[in-house]
Amino acid sequence: MSAFPLALPDDAEFSSRLAVRIGRHWPRLLEALRPLYGSGAWEGELAARLLSAAIDRPADLRDLDAAREAAPDWFQQPGMVGYCTYIDRFGGTLAGTRARLDELSRLGVTYLHPLPLLKPREGDSDGGFAVADFRQVDPKLGTIDDLRALAVDLRARGISLCLDIVCNHTADTHGWALAAKAGDAKFRDFYHVVKPPEQVAALEAHLGQVFPQTAPGNFTFVPEMGGHVWTTFYPFQWDLNYANPAVFIEMMDVLLYLANQGAEVFRLDSAPFLWKRAGTDCRGLPETHQVVRAWRAALAIAAPAVALKAEAIVGLAEVLPFLGDADRPECHLAYNNTAMTALWAALATGDTRPLSTCLTQALAKPAVAGWLTYVRCHDDIIWGALKGVIADETLAWISDFYAGTVPGSFADGRAFQAEPGAVRSTNGMAASLAGFRDGADNRAALARLRLLYGVTFALDGIPALYMGDERALTNDPDYALEADHEDGRWLHRPRMDWARPEGAIHAALAQFAALRRDRPGLHAANPARPFVTADPGLLAFDRGGGDGDRLICLGWFKGQAARIDLTDILGGGTWHDLLDGTDLTAQSVAMAPWGLRWLVKKDG
Ligand code: OTU
């Protein structure tokens with residue numbers, strides 16, 4: 001009944017390994033998908049695509065598969081350090097980016113996430129998140145051959161390439177959408193078309209809005225489609241219909257194709273939105289998790305070197321299911337966006353207790369999974385992710401604080417859009433939000449930026465830098481002068497400024513990366529366990545495993561120096577701060593303004 005329906009190729013060694021993987025994961029794939037699609041002809045098509053991708057897999061990537069099967073915790077290693085950037089803004093093109101890789105290696109980077117680089121629609125493409133062809137590179141950046149060459153260069157340096165899979169939607173100019181508009185019934189079924197206007201209103205009543213000002217509503221009337229197309233994001237981003245097994249199979253084929261070009265991690269964009277069910281908010285439905293689980297099983301068969309990362313910028317309770325459990329794994333990694341958001345909240349309020357709460361909740365992460373930890377990314381900071389952890393009024397105050405409208409605020413950011421009554425999210429580069437202003441005395445701002453990154457690097461996952469933060473790059477206030485860049489998030493998508501001095505923050509980040517590498521206790525299987533501290537301004541958490549390699553991270557979220565008695569946390573003996581090289585005892589721990597310490601036990 002569930003046997004794999006096709007014969008494996010003649011190559012005995014390859015086929016015996018493939019047979020083992022099929023034996024393990026094909027039943028899982030069917031178990032995830034049959035409740036969605038029933039049994040049917042789609043199973044044969046699925047098997048054929050899987051087998052052909054496995055056969056097409058280049059020899060070097062098959063070697064990588066074997067290595068990763070032997071060491072499946074590769075992405076949890078303490079030496080992992082990420083970097084996220086736009087190809088055009090970092091290196092101009094893919095070829096130009098290949099020429100800049102020394103910059104990444106100097107920072108200890110082992111994981112590169114270039115933001116969308118596949119062929120986008122013409123005109124506004126939501127920063128490349130409206131893909132017109134999943135098998136071609138944006139011609140402005142290069143070709144698919146350039147992408148493969150980049151992946152090879154990266155792998156030679158021990159850097160894994162992470163690509164976006166914009167799996168929730170396509171551009172309205174994608175071939176599937178064009179065929180659908182032309183009346184091809186097969187492709188009309190790739191999208192959701194709602195005909196009676198009352199039905200649109202009935203669906204809307206349960207749905208939220210992601211871009212309420214720039215893209216209100218979730219539906220767009222398209223005359224050629226004879227109704228409203230489901231468009232959660234911009235009107236030119238058409239949501240795919242995962243109730244159609246052909247959509248699952250096509251997107252799986254995209255994953256496998258890009259895996260065979262050398263991608264080692266996939267960022268599943270907008271993961272919560274995949275499945276739609278009338279009468280719900282269509283976020284994180286159980287069927288969505290079955291789809292993700294099935295992709296995981298497909299990769300485990302045809303490209304087991306590859307890891308999945310969930311992009312779910314929602315509360316932690318909605319993020320955790322994307323990591324699955326031991327029996328039903330989903331993604332290997334997920335963004336720890338609540339920790340990130342709570343870090344910024346602590347920096348504004350001087351109160352680290354909500355952050356400790358988020359870290360405590362994050363202990364529910366399966367030991368085999370990792371967090372993607374970060375300070376900033378290309379999107380806005382969504383305060384709503386802390387709903388229930390921080391009171392709404394406080395979140396509104398924090399939003400104003402980062403917009404710079406609270407008297408005495410150090411921040412130089414801007415408020416973004418929000419649904420009526422909700423707290424407005426925040427745009428801005430990390431340096432600007434931390435108060436860095438070009439030409440000013442920036443010592444405090446740099447200490448704040450170092451504090452946020454120093455905590456992030458001590459957490460249980462891959463810490464990812466956002467381009468330019470290593471040089472305290474500030475906002476791009478002129479963003480709207482560029483065509484199709486009205487969206488306020490372009491404030492924090494400036495061009496890399498290679499002439500900008502590297503300075504203290506660059507040195508701090510390189511130090512964090514180098515220290516992490518040598519500390520087995522920082523493996524992502526060892527969670528960050530927060531302590532209750534007497535002063536809410538102090539964040540303290542423990543990292544370490546059974547092997548005795550233990551590290552305690554201290555972060556002081558206040559602008560005045562302090563001396564703190566930490567006997568209850570550290571106990572007796574001498575502790576050594578890896579960051580400044582000094583020794584200290586628990587009775588009197590000096591914390592500089594916005595200070596940071598990574599402590600290890602010196603004796604006993
Ligand atoms: C993602 O973000 C991308 O990161 C954005 O840059 C895109 O515009 C968007 O998808 C559409 O492709 O709402 O504010 O829970 O929060 O998918 C960012 C997930 C977003 C969403 C997330 C989305």
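Author: Contact means that heavy atoms lie within 4.5 Å. The model is predicted: local features need pLDDT of at least 70, side-chain atom pairs count only at pLDDT 80 or more, and totals for chains, interfaces and linings use all residues. Residues are numbered from 1 along each chain as its sequence is written, and side-chain values use heavy atoms, leaving out hydrogens and water.

Start with H289. Leaving aside neighbours within four places in sequence, H289 is in contact with G284, P321, F322 and E330. H289 sits in helix α12, residues 286-302. Helices (H or I, at least four residues) and strands (E, at least two) are DSSP runs, numbered from the N terminus. H289 is buried, because its relative accessible area is 7%. Buried means under 20%, exposed over 50%, partly exposed in between (1.4 Å probe, protein chains only).

Now T85. T85 belongs to strand β1, residues 82-85. With a relative accessible area of 1%, T85 is buried. Beyond four places in sequence, T85 meets F90, L112, H113, P114, L115 and M467. T85 and L255 are 170 residues apart along the chain, and their C-alpha atoms are separated by 21 Å.

L255 leads us to W295. W295 touches L255, and also C167, Y242, F248, M251, M252, L268, L274 and L308, not counting residues up to four places away in sequence. W295 is also a member of the largest nonpolar core, which has 181 residues. A nonpolar core is a set of buried Ala, Val, Leu, Ile, Met, Phe, Trp, Tyr and Cys residues joined through side-chain atoms within 4.5 Å. L29, F248, F266, W295, W344 and Y402 touch the most other members. Apart from this core lies another, of 16 residues, including I552, W556, L566 and V589. In soluble globular proteins, nonpolar side chains tend to be buried together.

Last, the ligand. It is surrounded by 20 residues, and D126, R267, D269, E311 and D379 are the closest. A residue counts as near if one of its heavy atoms lies within 4 Å. An oxygen atom of the ligand is 2.8 Å from an N or O atom in the side chain of R267. For H169, again a side-chain N or O atom, the distance to a ligand oxygen is 3.0 Å. I313 uses a backbone N or O atom, 2.9 Å from a ligand oxygen. The protein covers 97% of the 490 Å² of accessible area (Shrake-Rupley method, 1.4 Å probe) that the ligand has on its own.

Notes. A polar contact is a pair of N or O atoms within 3.5 Å; within protein, one must be able to donate a hydrogen and the other to accept it, and residues adjacent in sequence count only if both atoms are side-chain atoms.
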